[in-house]
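Here is a short briefing for a reader new to this structure. Please look over the sequence and the model before reading on.

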Amino acid sequence: MRLLVAAERAPGRSPSPHATIRAVMKKQKVALITGITGQDGAYLAEFLLGKGYVVHGIKRRTSLFNTQRIDHLYQDPHIEARRFILHHGDMTDASSLVHITEQVQPDEIYNLAAQSHVAVSFEEPEYTANADGLGALRLLEAIRILGLESKSRFYQASSSELFGLVRESPQTERTPFYPRSPYGAAKLYAYWVTVNYREAYGLFACNGILFNHESPLRGETFVSRKITRALARIHLGLQDRLYLGNLEARRDWGHAREYVEAQWLILQQPKPEDFVIATGEQHTVREFVVAAAKELGIRIRWKGKGAKERGYDGEGRCIVAVDPKYFRPTEVESLLGDAGKARRKLGWKPKVRFAELVTEMARADLEEAEREQFALRHGYATAPAHE
């Protein structure tokens, strides 16, 4: 799936022997992004390249390519003037983070890497704490060890999951935290260690407390993308049913493309501060399902309550069902952000509203489902996707 703007290449310039990293770093600002292969990393990389940055990204080594979101930005390592450079590293490996940071000498570091699936964090709590919590510490220590306190500005991707069992609504920068998952708890450590390094060592280190942000690039197992993908496939007869957990959960959903601009703005301020980034508009998971179905021409009738609730289409087929296995041990029932500080100090406000976001995602997944249907119709096998 493509983003909006293709990466700038170097037309007419013949590749040289493998250009060293230092050779390609001119006077442009240099950014280092962890989690660059994810939704936010892809949008942020494109955004920064559009502003003339040299962008370095850290990706984990895997036996399969996992760079689909950034393939259109890729530049051959032999191009001297390339501005998009990938490194192998891992948030659980301090030596790789120190080595990459020393090589890159970044003006800005965006820590977007995480085991970011809340439900999975209950199954892999130790890894989540290691990657999400201690990973942030390792990056901050890299800045300190390398003496980059006055050069490198640091952005930590915090989460609305910090608020968990909310103490007030809407949530602001002053709302007390009460995480309800190993993911939220790990992000809480990363939040406070970022504040601590700001106050203890004078780092320009900031937290962006981002509420749910989605897009066609969202991972397929996250509830928003799971909904739009499944309904598109159901619409075309490629899938029978969508299984979900808590339909009553209420979230503040925005567009990831806009939220990465807020991340950048946070690091352009005269002094380091923490910001809530949100739309201030809240919808239930059920409302997300209804909106996506409507975009695909499906009208859903609901029957039953709780774990027995089902959604039926116009032909009486059950196409949505609640499966208790998707309930979390501790639920986060409601999240709603107040981004007033971001409006005042950053000049940031969301432009894409809920209905427009759902429409964009549903249409993108319909196109993908149509490609799958076309391949099957002409006798070609497609790769099955399992949760």
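The points below go from the whole chain to single residues.

This is a predicted model: local features need pLDDT of at least 70, side-chain atom pairs count only at pLDDT 80 or more, and totals for chains, interfaces and linings use all residues. Residues are numbered from 1 along each chain as its sequence is written, and side-chain values use heavy atoms, with hydrogens and water left out.

**The whole chain**

- The chain has 11 helices and 15 strands. Helices (H or I, at least four residues) and strands (E, at least two) are DSSP runs, numbered from the N terminus.
- The radius of gyration is 21 Å, close to the 21 Å that the globule rule gives for 387 residues, so the chain is as compact as a globular protein of that length. The radius is taken over C-alpha atoms, and the rule is 2.2 Å times the number of residues to the power 0.38.
- Along the principal axes, the C-alpha atoms fill a box of roughly 65 × 55 × 40 Å.
- Of the 387 residues, 53% count as buried. Buried means under 20% relative accessible area, exposed over 50%, and partly exposed in between (1.4 Å probe, protein chains only).
- Among contacts with a separation of 6 or more, 78% join residues 24 or more positions apart. Contact means heavy atoms within 4.5 Å.

**An open sheet and its helices**

- Four strands form an open sheet in the order β8-β15-β14-β13, with mixed pairing. Strands β8 (242-244) and β13 (301-303) stand at the edges with a single partner strand each, so one side of each has no neighbour in the sheet. The twist averages 20° from one strand to the next.
- Two strands pair if DSSP finds at least two bridges between them. β13 and β14 (residues 310-312) pair in the antiparallel sense over 3 bridges. R301 stands opposite Y312 in β14.
- Helix α9 (residues 285-295) packs on the sheet and touches β8, β13 and β15; its direction makes about 145° with that of β13.
- Helix α7 (residues 223-235) lies across β8 and β15 (318-322), running at about 160° to β8.
- Axes are lines fitted to C-alpha atoms, for helices over the stretch in contact, and angles run from 0 to 180 degrees between N-to-C directions.

**Aromatic rings**

- The structure holds 12 aromatic pairs. Rings of Phe, Tyr and Trp (its six-membered ring) pair if their centres lie within 6.5 Å; planes under 30 degrees apart count as stacked, over 60 as edge-to-face and the rest as tilted.
- F177 and Y191 have ring centres 4.9 Å apart and planes at 75°, so the pair is edge-to-face. F177 is in the loop between β5 (153-159) and α6 (182-201), while Y191 is in helix α6, 14 residues apart.
- Y191 and W192 have ring centres 5.0 Å apart and planes at 90°, so this pair is edge-to-face.
- Y191 is buried at 6% relative accessible area, whereas W192 is partly exposed at 49%.
- Ring pairs link F163, F177, Y191, W192 and F211 into a cluster.

**Charges over rings**

- R218 lies over the face of F222, at 4.0 Å from the ring centre.
- The charged end of R286 sits over the ring of W302, 5.6 Å from its centre.
- A charge sits over a ring if NZ of Lys or CZ of Arg is within 6 Å of the ring centre and within 35 degrees of the ring normal.

**A buried glutamate**

- E372 lies in helix α11 (residues 354-377). E372 is buried, with a relative accessible area of 17%.
- Leaving aside neighbours within four places in sequence, E372 is in contact with R233, L238 and T382.
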